[in-house]
Amino acid sequence: MPSSTASPRSDRADAFALVRSQAAAMPAGMRTIAETVLGDPRATAAGNAADLALRAGVSAASVSRFARHLGYDSYAELQRSMTRALERSDHERRETEIHAGVAVDDDVATVIAKVTEDVRTVMSDTRAALDPTALELAAVAVSEARRVVLYGVGASGVVARDLHLKLERIGITSSIADDPHNALTLASVLGRSDVLVITSHSGTTTEALEVAAEASAQGAIVIALTGRASSPLTRYADHVLLGVSGAESDLRPAAMGSRMSQLAIVDALFIVVAQRTDETSQPLLARSRTAVRTHHRS
């Protein structure tokens, strides 16, 4: 059932965000190209595929595969996106020690600076990576669904639960799966009027893949929140909402950054759904605020 619904990535803000967030998970050959791109962004944007291949020590075909791995139809599209990124972000993307990750001997002020700077970078990269067309189509699917099932493994489960609570507040029936067996059971009874929203930053978690495959086989619409445009999870997805991860250190796993990215995407998805269902969602939101008002001290 999966279909290609995303707009061309050349219409998006920042190709370098995609390269930076996905480089670590790439095969060795592609990782070399990614390092070359990030090592001299301006030279990459100014040259062509042959120039990049020469600098990276790979074939032109490898450069084309690299572009497709990131979700572009061609290297020309990737190059246009890189050029646009440089034009729009000349003063935003600077490399400083703030991105080096939290160290065991950092003082408290430095920890605060590094963590908040990483959050800023993650949010900026998420804005660049997230496709507005995919988000809109996902919101349409959720707002029109008979039923929505949500599932995520580990930290991604926190994100799934956050969306579940949000949707319940505006009257959209949703179920949150607590374990793989429960998730597979819920996925198996979905149909063409239903939606599965599945969160997995790597897009390679066995449980997530099994649940997505089951929902897709039953004809349900699958929405994937993932950090890799070419992950196995996207094969089952009708709509892919692409996030990013933050800087990683021994004290601060990248999962924290990916979760913040996914939470921002969930928030955006919820808002667009609420906009589409404004007549019913606004009264329900007002009633829910009134219901809990007595539990807040003024």
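**Figure 1. Contacts of Ser200 in the predicted model.** In this predicted model, Ser200 sits in the loop that links strand S3 (194-199) to helix H11 (206-217). Leaving out residues up to four places away in sequence, Ser200 touches Ser156, Thr205, Ala208, Leu225, Thr226, Gly227, Leu233 and Gln262. A polar atom of the Ser200 side chain lies 3.1 Å from the backbone nitrogen of Gly203. Is Ser200 buried or exposed? Its relative accessibility is 3%, so Ser200 counts as buried, the cut-off being under 20%.

Figure 2. S3 is mostly covered. Six of its six residues are buried. Asp194, Leu196 and Ile198 point one way from the strand. Val195, Val197 and Thr199 point the other way. In a regular strand, side chains alternate between the two faces of the sheet. Both sets in S3 are buried.

**Figure 3. Pairing of S3 with S1 and S4.** S1 and S3 pair in the parallel sense, over six bridges. Val148 has Val195 of S3 as its bridge partner. S3 and S4 also pair in the parallel sense, here over five bridges. Which residue of S4 is the bridge partner of Val195? That partner is Ile221.

Figure 4. Five strands form an open sheet with parallel pairing, in the order S2-S1-S3-S4-S5. Strand S2 (174-176) and strand S5 (239-242) stand at the edges. Each has a single partner strand, so one side of each is left without a neighbour in the sheet. From one strand to the next, the twist averages 15 degrees. Helix H11 packs on the sheet and touches strand S1 (147-152), S3 and S4. The direction of H11 makes about 165 degrees with that of S3.

Figure 5. S4 covers residues 221-226. It runs parallel to S5, and four bridges join the two. Ile223 of this pairing stands opposite His239 in S5.

**Figure 6. The largest nonpolar core.** This core holds 30 residues. Which of them touch the most other members? They are Val37, Phe66, Leu70, Tyr75, Leu78 and Met82. Two or more residues come from each of helix H1 (15-22), helix H2 (28-39), helix H4 (49-56), helix H5 (60-69), helix H6 (75-88) and helix H7 (108-129). H6 gives the largest share, five residues. Nonpolar side chains tend to be buried together in soluble globular proteins.

Figure 7. Neighbours within four places in sequence are left aside here. Phe66 is then in contact with Val19, Met26, Met30, Ile33, Ala34, Val37 and Leu78. Another core, of 29 residues, lies apart from the largest one. Leu163, Leu167, Leu225 and Val266 are among its members. Leu225 also touches Ser200.

**Figure 8. The whole chain.** The chain contains 13 helices and five strands. Of its 298 residues, 47% are buried. Among contacts between residues at least 6 apart in sequence, 71% join residues at least 24 apart. The accessible surface comes to about 14500 Å². Carbon and sulfur atoms account for 52% of that surface.

How values were computed:
Residues numbered from 1 in each chain as written. Predicted model: local features only at pLDDT ≥ 70, side-chain atom pairs only at ≥ 80, totals over all residues. Heavy atoms only, no water. Core = buried A, V, L, I, M, F, W, Y, C linked by side-chain atoms within 4.5 Å. Buried < 20%, exposed > 50% of the residue type's maximum accessible area, 1.4 Å probe, protein only. Contact = heavy atoms within 4.5 Å. Areas by Shrake-Rupley, 256 points an atom, 1.4 Å probe, with all protein chains shown as cover. Polar contact = N/O pair within 3.5 Å; in protein donor to acceptor, adjacent residues only side chain to side chain. Pairing = 2+ DSSP bridges. Axes fitted to C-alpha atoms, helices over the stretch in contact; angles between N-to-C directions.
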